[in-house]
Amino acid sequence: MDKRFSAKKILVAGGTGGLGRAVSLAFLEAGATVIVTYRSQAEFDALKSSAGANAAQLEGHIVNVLDEAALKTFVSGLIAKQGRLDALVNAVGGYSAGAPLWEMDAKTLEQMLSLNLYAGYWLARVVVPIMLKQGSGAIVNVAATAAFNHMASASEYVASKAAAAAMMNSLAADLKGSGVRANSILPSIIDTAANRQAMPNADHAKWPKPEEIARVILFLCSEDAKLVHGAAIPV
Ligand SMILES: NC(=O)c1ccc[n+]([C@@H]2O[C@H](COP(=O)([O-])OP(=O)(O)OC[C@H]3O[C@@H](n4cnc5c(N)ncnc54)[C@H](OP(=O)(O)O)[C@@H]3O)[C@@H](O)[C@H]2O)c1
């Protein structure tokens, strides 16, 4: 059995979402203690019941990751209890597309920047100083292929994902040589329940599964990836 994350403490922001849930379950399966942030109690309860015997190693907290003060309180409580933080996976994010820039509601830009850029920004600001003190840690921010593949009718989404990938790259430069690694992953479409509902006629068999992407994220957080830093990996 793969227990390469035994005794490791992993924070999965958005850890009950379509991808986050698979990431949380994979870390639990690999022996980690997993702390998730969530917003919907029903989603956390579902995650807990899917975790089965590993549920004892799962903790959940309702936290708005866009609220810096709430995030600071949450992370200092986490450190007080767990003693350390080995990895942060940010799976908070959102999607918007379907109209050219001049027709989209202007509020969309703010929403996309909040979910896809600011969430990772606030998380990194709170978590990096802790990891620097430890001299170790791994951060994986979930962006999207849209960060580099700038398709039409998605200006706000594309801009927010491009900014997130650029931010992580610069953060990686800040962290060079510190023992703390920062990488992005770039999914295209993922086989989630929400996507199946939105695109019932697509060939779902061709879509990458959240569990497959979770394996890449676990790799990036593992010792095997200790040379991987500042990467943006399409999945
Ligand atoms: N699904 C895809 O096809 C796809 C493709 C490319 C990239 N991605 C990226 O992959 C990541 C995960 O996507 P997903 O499909 O798993 O999305 P998802 O199912 O919507 O999961 C996102 C999670 O983040 C939570 N969240 C949202 N705002 C939050 C906040 N302010 N504070 C705390 N939690 C918050 C959501 O909670 P609520 O459910 O309560 O809102 C949800 O649990 C995102 O960055 C997304 O852009 C996804």
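The ligand is surrounded by 27 residues, the closest being G14, G17, G18, R39 and G93; a residue counts here if its C-beta atom, placed from the backbone, lies within 6 Å of the molecule. Two or more residues of the shell around the ligand come from each of α4 and α6 (193-198). By class, the shell has 14 nonpolar, twelve polar and one charged residues (nonpolar: Ala, Val, Leu, Ile, Met, Phe, Trp, Tyr, Cys and Pro; charged: Asp, Glu, Lys and Arg; polar: the others, Gly among them).

The model is predicted, with local features requiring pLDDT of at least 70 and side-chain atom pairs pLDDT 80 or more, whereas totals for chains, interfaces and linings use all residues. Residue numbers start from 1 along each chain as its sequence is written.

An open sheet is formed by seven strands with parallel pairing, in the order β3-β2-β1-β4-β5-β6-β7. Strands are DSSP runs of E with at least two residues, and helices runs of H or I with at least four, numbered from the N terminus; strands pair if DSSP finds at least two bridges between them. β3 (58-62) and β7 (232-234) are the edge strands, each pairing on one side only. Strand β5 (residues 137-142) runs parallel to strand β6 (residues 180-186) and is joined to it by six bridges. V142 has I185 in β6 as its bridge partner. Helix α7 (residues 210-221) packs on the sheet and touches β4 (87-90), β5, β6 and β7, contact meaning C-beta atoms, placed from the backbone, within 7 Å. The direction of α7 makes about 150° with that of β5; axes are lines fitted to C-alpha atoms, for helices over the stretch in contact, and angles run from 0 to 180 degrees between N-to-C directions.

Definitions and conventions
Two residues are in contact if their C-beta atoms, placed from the backbone, lie within 7 Å.
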